[in-house]
Amino acid sequence: MRLSGRLIKGTMVLGEAEVENTESGITYTERLERSLIELCKKLDIPVPIWLEKNTREFVMFRRTFFFDGQFTEKVAFDMFEIKELK
């Protein structure tokens, strides 16, 4: 699984990163979770709270957005987008 992430404030992209997880023997959900955590470490941001809306968006579009209310700490961006890459 390849996952990219972008930190967005207004119309500006503040940061981007990409991770790849090729672990075998784990479920797709576990691979997604580990990739998200690794992506957050690379971007030096806290891991967001995953909501039901994120599941729906990710299933339908292979991308989802996290907003400042989904972080337990104050963040300096408006939106965090993750997208699965083929």
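**The aromatic rings and their setting**

A: W50 is partly exposed, with a relative accessible area of 30%, whereas F58 is buried, at 2%. Here buried means under 20% relative accessible area, exposed over 50%, and partly exposed in between, with a 1.4 Å probe and protein chains only. The model is predicted, and local features need pLDDT of at least 70, side-chain atom pairs count only at pLDDT 80 or more, and totals for chains, interfaces and linings use all residues. Residues are numbered from 1 along each chain as its sequence is written, and side-chain values use heavy atoms, with hydrogens and water left out.

The structure contains four aromatic pairs. One of them joins W50 and F58 edge-to-face, at 6.1 Å centre to centre and with 70° between the planes. Rings of Phe, Tyr and Trp (its six-membered ring) pair if their centres lie within 6.5 Å; planes under 30 degrees apart count as stacked, over 60 as edge-to-face and the rest as tilted. Through ring pairs, W50, F58, F66 and F80 are linked into a cluster.

F80 also has a place in the largest nonpolar core, a set of 18 residues in which L39, L43, I45, F71, F77, F80 and I82 touch the most other members. The elements giving two or more residues to this core are β1 (2-9), β2 (12-20), α1 (28-43) and β4 (79-85). The greatest contribution comes from α1, with five residues. A nonpolar core is a set of buried Ala, Val, Leu, Ile, Met, Phe, Trp, Tyr and Cys residues joined through side-chain atoms within 4.5 Å. I45 touches L7, C40, F71, F77 and F80, not counting residues up to four places away in sequence; contact means heavy atoms within 4.5 Å.

Around this part, the chain is built from two helices and four strands, in the order β-β-α-α-β-β along the sequence. The radius of gyration, taken over C-alpha atoms, is 12 Å, close to the 12 Å that the globule rule (2.2 Å times the number of residues to the power 0.38) gives for 86 residues, so the chain is as compact as a globular protein of that length. Helices (H or I, at least four residues) and strands (E, at least two) are DSSP runs, numbered from the N terminus. Of the 86 residues in the chain, 40% are buried. Among contacts with a separation of 6 or more, 46% are between residues 24 or more positions apart.
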